[in-house]
Every structure is written in structure tokens, then in C-alpha cells.
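I opened the model to look up a few elements and side-chain pairs. My notes follow in the order in which I checked things.

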Amino acid sequence: MNNNYLDVIKYEGNNDTIVYKASVENFNTKTQIIVNESQEALFYKDGQALDLFISGRHSLTTDNLPFLKKVFGKIFGDKTPFACEVFFINKVSVLDVMWGTDSPIMLEDPKYHLLVGVRASGQMGFRVTDSRKFLVKVAGQLHDFAVDSVKRSIKGMVMNNVKDILAKKIIEEGVSVIDISAHLKSLSSKIQSELNVELAEYGLEATNFYLNTIFTGPEDLSKLKQVKERYLEAMTDIDIDTIREVKMGEAKAKARAAQGYTYQEERKYDVLEGAAKNEGAAGNIMGAGMGLGMGVGLGANMGSAMANTANVITEESSNTMACPSCKAIIKKTSKFCSECGCKIEQKKFCSECGAEVQPGKKFCSECGNKLD
């Protein structure tokens, strides 16, 4: 900068530069500052972060530089010869930051009980969310601060969060290193969330964090595969069936939870459905009970519907019988079948011993009592 009064202060750089410092020595009332889109400009004086400008064209006056006014009193007369620094902060999102663990994480595989070195790599983005905080805690008084400088500054935080969350997933949740790749999406989200808690202290935010691969060295992977093969060979058909049943049970439990009912309620529904398919009065009445149960919903109301239905079945079955000709359900007191017209012979019982007496017989075959 020269000693002539500046008419315009601006910075037009590329996205590789996150912070650029312009040292300004002289101001006058005609000086303007131009802040481009996705930029902010922060005035510094003697190591203090003072006034902040967002994108746009700003005339430098006492009114829009209140912090400088507090430091110097009345400023911007005809001449104001004092030095000041203006930092331009690029707030655009940088999306092509590749990362990888610098050393393997030594963990014991919870399924195959083998100590292996786990590595991870991926891609992320970041952006400045708080210009003042970022300059004070990260960039400092450097003339410029590039993307690579930010990468180096946050590398340690990225690695710590990746290692910590991977270790918890494998050890605490019992996920084998061989199966861990199925959890990349949820792990990415978890790591980004934890990382942003730390980055917020430095005016930064991680964006589009992706955990692309989790892997072990060739030797460790070979050992894991060998142990897995021996494990599978040692398993019996019963073991395999048991594992399959467990997996199916877990899947069904998740489905029931998503649909809002329990295993016990499902079993009650199955009982009702099975009874509704039976032939005869019980099936017909249970079918009606099914409609009632489904109408009131699965749960306590279904239990009540089942109890009422059972009572109806018991009462109905004691007063009905099957027609000997067409098998239709009719009342026991019927003289003729309402379906086929068949005459129904009413059963007779001995008045002495109570035994059933065949139609047309004159004496009881059990006690010899003469019948009326």
C-alpha cells in the first residue's frame, strides 16, 4: 500500500484462499470497501478484531465503524493517517477435502476375537461460519490463510472423532470389522455431528462429511477371513438355523415396532384369524369377532373382543347341532332342517337311568326300564 488515500478497498481472489489481509494506512471520507458475495471483511487494529462488514459496497464513516470510533474517538476528518488492517474472509464451502487416518486403530474384532489394525478414509467439506472467531482462534495475523492451512488445522480433530466413533461402534456395539462397511452412512452422520461440536469453537463447520472406506491391512484381512472360514466350518446346521431364526426375529421385531404393535398382539390376531377359518358356527361367529377386533384395533380392545367372542361361541354351541343329512347348523329343538327339510328325530332318554334310547325301542338297553 502507498501513502495516498485509498478510494476503494477490496479483494478479488480465488477460493483457495480463505483469509486475505490488506494493510491500510490512510483513510478519508471518500474511502469505500467492497465485499464480494460469500465474503466478509473484518477490521483489525493493534491485534483487536473491530468492525465486520458483510457483502456489498460500504462507505467508511464514523457511523458504520463504531468500534474504531471507540478506539480513536472522532475519526475520518479531512485526513486520518493511521494504520489499520482489513481481513477478507472467504465463506464459500470448500467441498473437496480428502482425509484418511494417519495410523491404524488397533482393535479386537468382537466376533472373531482377533486383534487388527483398522484404517478409514473419506471426503468432507468445510466453511467459515463465524469470521471473527475464526480469525482470532485459527488464522491469527497471517497475511493469508489458504485451504491447505485449514486442513492442517482441523486434521487432528477429524482424526480424533473418526477413531473414537469407529472404536465405539466396533467394541461397544459388537460390529465385526468385516461387517462394518454396512454402517458407513450412519457413522458418517455421527462423526460429522461430533466434529461440528468442536469446530464451532473455531468458527468453522464441517459439511458433506463422508466415510467412504473402512479397511484393514492385507495380512489382517487374510487372518480375519481364515478365522471366519473356520468358524463357519465348525458350525452345525442347528447353529445356522438358530442364527437365521434370530435374524428373522430381529427383522420381524423391527417391522412390528414400525407398525405399532407387539408380538403378543400379533399372536392374538393369529388366533382370531385361525378360528375365523374354521367351518361351522364357531368359525362364523369368530369371523364376526375378527371384524370387531380389527375395528377396535389390536391391543387391549382386541383382548376384550376375544373374551366376548369366546362366550358367544360357548353359549351358541350348547344350543345347536348339525343336521344328520346336510350337516347344516340348526337348533337342537328343531323338528325339521331349515336347509334341506330333513325330519329331525328328537333324542329320547331313559327316565330311570338317563341313558340315550334309540328311536322305536320299548325298553332301556342299559337298565331294562320300560319306556313310555
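Entry 1: Thr216. In which strand is Thr216 found? I located Thr216 in strand β12, which covers residues 204–216. I note here that the model is a predicted one. I listed the contacts of Thr216, leaving aside neighbours within four places in sequence, and got Val116, Gly117, Val118, Val177 and Leu221. For Leu221 I also found a polar approach: its backbone nitrogen lies 3.5 Å from a polar atom of the Thr216 side chain.

Entry 2: the chain as a whole. I counted secondary structure next and noted nine helices and 16 strands. The chain has 372 residues, of which 35% count as buried.

Entry 3: nonpolar cores. How many residues does the largest nonpolar core have? I found 49 residues in it. Those with the most contacts inside this core are Ile18, Val19, Trp99, Met124, Phe134, Leu211 and Ile214. Helix α3 gives the most to this core, with eleven residues. I also noted a second, separate core of 15 residues, which includes Tyr11, Leu50, Phe53 and Leu65. I then went back to Ile214 and listed what it touches, not counting residues up to four places away in sequence. The list is Val118, Arg119, Ala120, Leu166, Ile180, Ser181, Leu184 and Leu187. Val118 is also among the contacts of Thr216.

Entry 4: helix α2. I took residues 131–139, which make up α2, and asked which of them are buried. The buried ones are Ser131, Phe134, Leu135, Val138 and Ala139. Viewed down the axis of α2, these buried residues fall within an arc of 110°, so they line one face of the helix. Phe134 is also one of the residues with the most contacts inside the largest nonpolar core. At the N-terminal end of α2 I found Asp130 as the cap, with a side-chain oxygen 3.3 Å from the backbone nitrogen of Arg132. Just after α2, I read a positive phi of about 65° at Gly140.

Entry 5: salt bridges. I counted ten salt bridges in the structure and went through some of them. The general point is that side chains of opposite charge can pair when their charged atoms come close.

Asp164 and Lys168 form a salt bridge at 3.5 Å, N to O. Why can these two residues line up? I noted that Asp164 and Lys168 are four residues apart in helix α3 (residues 147–171), so they are separated by about one helical turn. Asp164 is partly exposed at 39% relative accessibility, and Lys168 is partly exposed at 40%.

In helix α4 (residues 184–199) I found Glu194 and Lys190, again four residues apart, about one turn of the helix. Their side chains meet in a salt bridge at 3.3 Å, N to O. Glu194 has a relative accessible area of 33% and Lys190 one of 43%; I logged Glu194 as partly exposed and Lys190 as partly exposed.

I also looked up Glu12 and Lys10, whose closest N and O atoms are 3.7 Å apart in a salt bridge. Glu12 is exposed, with a relative accessible area of 60%, whereas Lys10 is partly exposed at 44%.

Entry 6: two C-alpha distances. Ser189 is in helix α4 and is partly exposed at 49% relative accessibility. I read 7.3 Å between the C-alpha atoms of Ser189 and Phe209, which are 20 residues apart in sequence. Where does Asp46 lie? I placed Asp46 in the loop between β4 (39–45) and β5 (48–53), and Asp46 counts as exposed at 64% relative accessibility. Asp46 and Glu85 are 39 residues apart in sequence, and their C-alpha atoms are 8.8 Å apart in space.

Definitions and conventions
Residues are numbered from 1 along each chain as its sequence is written. This is a predicted model: local features need pLDDT of at least 70, side-chain atom pairs count only at pLDDT 80 or more; totals for chains, interfaces and linings use all residues. Side-chain values use heavy atoms; hydrogens and water are left out. A salt bridge is a side-chain nitrogen of Lys or Arg within 4 Å of a carboxyl oxygen of Asp or Glu. Buried means under 20% relative accessible area, exposed over 50%, partly exposed in between (1.4 Å probe, protein chains only). Helices (H or I, at least four residues) and strands (E, at least two) are DSSP runs, numbered from the N terminus. A nonpolar core is a set of buried Ala, Val, Leu, Ile, Met, Phe, Trp, Tyr and Cys residues joined through side-chain atoms within 4.5 Å. Contact means heavy atoms within 4.5 Å. A polar contact is a pair of N or O atoms within 3.5 Å; within protein, one must be able to donate a hydrogen and the other to accept it, and residues adjacent in sequence count only if both atoms are side-chain atoms. The arc is that of the directions from the helix axis to the C-beta atoms.
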